[in-house]
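Dear colleague,

Please find below the structure that I am handing over to you.

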Amino acid sequence: MTDLLATSADTWHDGTAPARVPAALEVDRSLPPRARLHSWRLRHRLRAARAEAFYTSSRRPERGLPVAGNAAAARFVRRLMSTRRGRLAGVLVFNAAAAVAGLVVPRMLGDLVDLVSAGQAETSVVDAIILGVVGVVVAQSVLTFAARRASAVLGYDLLASAREEVVDTVLHLPLGKVESASSGDLLTRITSDVSKMSEAIRWAFPQFVISLVTAAATIVALMLNSWFLALPVFVTMTVLFFATRHYLSHAMQGYITEGGTYSRINSTMTETVDGARTVEALGLSGRRIDAVEEDIAESNQAERYTMSLRNLFFIWLDISFQFPLIAVVVLGSVGYAQGWVTIGQITAATIYVQSLVEPMDRLIQVFDRMQVGLAGTTRLLGIADVADDRTPGEARPAGTDLEGHDLRFAYREGHDVLHGVDVDLSPGERLAVVGPSGSGKSTLGRLLAGINRPRTGTVDVGGVDVMELPLEVLRTEVALVTQEHHVFVGTLRDNIVLARDAQLAPEEVDPAVVAALRAVDAWEWVERLPSGLDTMLGHGRYRLTPSQAQQVALARLVVADPHTLVLDEATSLIDPRTARHLEGSMARLLDGRAVVAIAHRLHTAHDADRIAVVIDGRIAELGSHHELMDRDGEYARLWRTWRS
């Protein structure tokens, strides 16, 4: 007999997938120096081509979340800045004042040198200049403190608003699009990319303003001191312009590609951890490790590309920083010999050029960090580019009847999982949906709840298409509870009442919460909690068991009070006996409401008014338990199998 366990890992993998990192990107360290340089150039071009291809595909991906353009990021920053013009002006004014104060000192020292060289340096004059220098230094310190404080306030204010916009954007994503995207990609965008955006807004942007103002003021002071001695700086600016333009033309593609590889690593890691039992059962640990290593190798190539871009850029920076100082000394010697400049002007120019190195160096480094932040921001803003799957209209339901007509749906184009399904639900009716795993039961429930738009057909509630209802209206009409649930950081009370917090008066909250907990058989264990309804839940706080968390989700649904409920395995994490009792309690509470119950436990179907048997995306049978048992068809076979 074939050893199924030994071969199970090969049943889903044909071994024909090409390596994502081509052999041409491997480093051959045995080559001589000149050949190694040529090989590096070829690898750099190949990495650039890969980054460009990834960047292009990321704008409008076939699957997953897109990446926004630079123009969208510019509009985003401009929108944030437009409401903070006063603070931005304060940052510019304080930094300009601090820069000007700092530039007065070299000019004063240059004048002192000229006085000494001319033999006119009287003690009183020298003392006055020294006191002036001390006063200017003190004033500069005060202005620098004010400038940095203003920059910090602006940076953190921008960061807070940016985070709020990100949260708002993520919460308005079509749920179907979120679930079709890679979990690792979305996780990377709301963690790593938010962190990059945070650093750019909170630190890099204020530092960019400070450095830019300081560098500009220094160049102006250098020109006022002597335009002849300022010539080397303009040569440097020209070199930096072309070097920066070349860097910027490639950096965004590189950093976007980096972010994409991080998303892939996170996806592989998340899938491996979530499917740890399957990995162990099928002996896939080696395969999963290989997949992670391949992801890391691909990310390594993306990082090598951006590192090469930075290194090439920094070579020109180093040349640009060293050239002006040497050139000022040479030009100063020539100019002094010709009588064009004085020793004091040369001294001041030398100090200005030396002091220009620090803000220019910081400006370039900050510019690089802003590129990283900009890449993260475009990935975040790409979430907002996801087209909405619904267009709310003005019509509102005239009743509570729920009807679906000719429902077809495909998660992948050309592969329908539902095939022309018709379903209707009367007020107060219990409809059970049963069938084998993968037959389309949950998909049907999602369409009825308005989570996904059907490829063909419509789902109407009270005569209005559910996809034309605003979500805040739809969820008061139809609500979905699945076996997946979430506990938010906050009190138990907050976790339950959040669905109707704005509609309940303060004195109504606790009675509604207690009634909901009693309805789902949870009040007994809630009473034993250390702080009752005030017990803090969530990460790092009181931890609920899976069944308790599911009861909280059901209580949340009770408080939401929709007239139609779609329960997709809503009691799957509760033991059968407790689940049976819980469903009985909910049945009494939900009297008068329509319920679509999708379940594998067929006792739920036994109690329903009607049962829809879904086979291969079609409703194969429809009727009550006794009617379907009398037909001795698919449902009867499922029932006998389940009872056995």
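L158 touches L80, M81, R84, I201 and F205, leaving aside residues up to four places away in sequence; contact here means heavy atoms within 4.5 Å. This is a predicted model, in which local features need pLDDT of at least 70 and side-chain atom pairs count only at pLDDT 80 or more, while totals for chains, interfaces and linings use all residues. Residues are numbered from 1 along each chain as its sequence is written, and side-chain values use heavy atoms, with hydrogens and water left out.

L158 is also among the residues with the most contacts inside the largest nonpolar core, together with M197, L222 and M360; this core has 64 residues. A nonpolar core is a set of buried Ala, Val, Leu, Ile, Met, Phe, Trp, Tyr and Cys residues joined through side-chain atoms within 4.5 Å, and buried means under 20% relative accessible area (1.4 Å probe, protein chains only). A second, separate core of 31 residues includes V497, L517, W523 and L537.

Where is empty space left? Rolling a probe the size of a water molecule over the atoms shows this. A cavity is a set of points on a 1 Å grid over the protein atoms alone where a 1.4 Å probe fits but cannot get out, and its lining residues have an atom within 4 Å of a point. The structure holds one cavity of 30 Å³ or more, and about 80 Å³ of space lies in the largest cavity. V233, S320, F321 and M360 are among the residues that line the largest cavity.

Yours sincerely

Key:
Buried < 20%, exposed > 50% of the residue type's maximum accessible area, 1.4 Å probe, protein only. 1 Å grid on protein atoms, 1.4 Å probe; cavity = no way out; pocket = protein on both sides within 12 Å on 5 of 7 lines; lining within 4 Å. Points joined across faces, edges and corners; volume = space filled by probe spheres on them.
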